[in-house]
Amino acid sequence: MQTRLQRFEFNQIRMGVDTPIVVYAPDEEHAVRACRAAYTRISALEQMMSDYRANSELNLLCQRAVGRWVRVSAELFYVLWRAQKLAHQTDGAFDITVGPLVRLWREARRTGKLPDEAALQEARARSGYRLLELSRAKRAVRLHAEGMQLDLGGIAKGYACDSALRVLRQHGIQHALIQMGGDIVAGEAPPGESGWKIALAAPTLDDSTNYLLLKNGALATSGSTEQYVEIEGVRYAHIIDPRTGLGLTRLILARVRARDGITADSLATAAAVLGMPDAKRLERLYKGVRVQVWEAGLRQTATKLTPNGRL
Ligand code: ADP
Ligand code: MG
């Protein structure tokens, strides 16, 4: 006879966001052991990919790889590779070399002032995906300008959710849901159900709440409605438009469904920069991906996604 599975839910902060994990396991001990391992895994990825931590593998790479090849861990290389692939596909709309511009944005959020033209020019000279070179054979990275700063904020959380799900599976857990901010990755549906019921809070003004049933796949939301700095009546979102070097100023929300979190997360960020109709083209580039974009009549602060595994 099969043991009856029970539902367990945990929540910890990782990569600066609430990271709930919901699992079905035979008993609490099993659930705790598996989820602890999943959180430990995410912590390891944070130490690898964070741009906030001075000694992360990513930041050490930025310091060492100017003009010379530096070998990196397999996981960091994979994420960089996927990011560069998307950069090429979107002609740089998705661009992890925006680090210097992101730093200017953070400064603007602190001071309430836009960067001056000289600072913007200087940061732009240190950005651009063509300045980042990858060698698959060497599993190494080379940077082509001093002071470059890589930023995986638009892709790492999705990858971390994927990795956490793999860890849970290694612990024998199949029915699982992991959320990191706007990124959700699901394994098998809750026992006896056809999917994890995710409440999609209405991004639009009509107040409609939709539900989506998710299993063995990922869902990501990205856009300019939640994190922004307002300067002289203009809102600059935390997503940089590499064409201007500034935060997105138009109101946009993108939602992407994909097979895995790394794809959903990065494509959602890309879709927010691209806007319609270009964002829709991503569906042709990635198998099984669905992209939705809202641009008009958006609520300024749209709560993103609420996973509700209970339903
Ligand atoms: P969130 O951080 O709210 O989950 P996203 O997944 O869209 O939202 O990621 C936004 C983050 O991605 C920014 O905070 C920044 O670190 C990084 N970023 C900003 N602009 C770009 C861009 N054009 N391409 C890739 N990454 C970006
Ligand atoms: Mg993203």
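This briefing covers the pockets, nonpolar cores, salt bridges and backbone exceptions of the structure above. The model is predicted. Its largest pocket holds about 990 Å³ of space, and its largest nonpolar core has 75 residues. A search of the whole structure turns up 13 salt bridges. Met276 and Pro277 are joined by a cis peptide bond.

**Largest pocket**

- The volume of the largest pocket is about 990 Å³.
- Its lining comprises 41 residues. Nearest the centre of the largest pocket lie Asp151, Gly153, Gly154, Lys157 and His238.
- By class, the lining of the largest pocket has 16 nonpolar, 13 polar and twelve charged residues.
- At least two lining residues come from each of α1, α4 (99-111), α6 (156-170), β10 (217-223) and α7 (261-274).
- Helix α4 gives the largest share of this lining, with four residues.

**Second largest pocket**

- The second largest pocket has a volume of about 380 Å³.
- It is lined by 22 residues, and Thr90, Asp91, Gly92, Ala93 and Leu274 are the closest to its centre.
- The lining of the second largest pocket divides into eight nonpolar, six polar and eight charged residues.
- Helix α8 (residues 282-285) supplies the largest share of that lining, three residues.

**Nonpolar cores**

- The largest nonpolar core contains 75 residues. Val23, Met49, Leu61, Leu76, Leu80, Leu152 and Leu168 have the most contacts inside this core.
- Another core lies apart from it and has twelve residues, including Leu101, Leu120, Ala123 and Val229.
- Which residues does Leu168 touch, not counting those up to four places away in sequence? They are Ile21, Val23, Ala34, Cys35, Ala38, Ile173, Ala176 and Ile178.

**Salt bridges**

- The whole structure has 13 salt bridges. Selected examples follow.
- Glu29 pairs with Arg33 at 3.6 Å, N to O. Both sit in helix α1 (residues 28-49), and because they are four residues apart, about one helical turn separates them.
- Glu29 is exposed, at 58% relative accessibility. Arg33 is partly exposed, at 45%.
- Arg235 and Glu230 meet in a salt bridge at 2.8 Å, N to O. Arg235 is partly exposed, with a relative accessible area of 31%. Glu230 is partly exposed as well, at 43%.
- Asp278 and Arg281 form a salt bridge at 3.0 Å, N to O. Asp278 is partly exposed, with a relative accessible area of 28%. Arg281 is partly exposed, at 47%.
- A network of salt bridges links Asp51, Arg103 and Arg106.

**Backbone exceptions**

- Most residues other than glycine have a negative phi, and most peptide bonds are trans. The following residues are exceptions.
- The peptide bond between Met276 and Pro277 is cis, with omega about 5°. Pro277 belongs to the loop between α7 and α8.
- Asp91 lies in the loop between α3 (74-89) and α4.
- Is Asp91 buried or exposed? Asp91 is exposed, because its relative accessible area is 61%, and the exposed class begins over 50%.
- Arg139 is not a glycine either, and has a positive phi of about 50°. Arg139 is placed in the loop between β4 (132-135) and β5 (140-143).
- With a relative accessible area of 27%, Arg139 is partly exposed.

Methods: Residues numbered from 1 in each chain as written. Chains lettered and ligands numbered in written order. Predicted model: local features only at pLDDT ≥ 70, side-chain atom pairs only at ≥ 80, totals over all residues. Heavy atoms only, no water. Salt bridge = Lys/Arg side-chain N within 4 Å of Asp/Glu carboxyl O. Buried < 20%, exposed > 50% of the residue type's maximum accessible area, 1.4 Å probe, protein only. Core = buried A, V, L, I, M, F, W, Y, C linked by side-chain atoms within 4.5 Å. Contact = heavy atoms within 4.5 Å. 1 Å grid on protein atoms, 1.4 Å probe; cavity = no way out; pocket = protein on both sides within 12 Å on 5 of 7 lines; lining within 4 Å. Points joined across faces, edges and corners; volume = space filled by probe spheres on them. Nonpolar A, V, L, I, M, F, W, Y, C, P; charged D, E, K, R; others polar.
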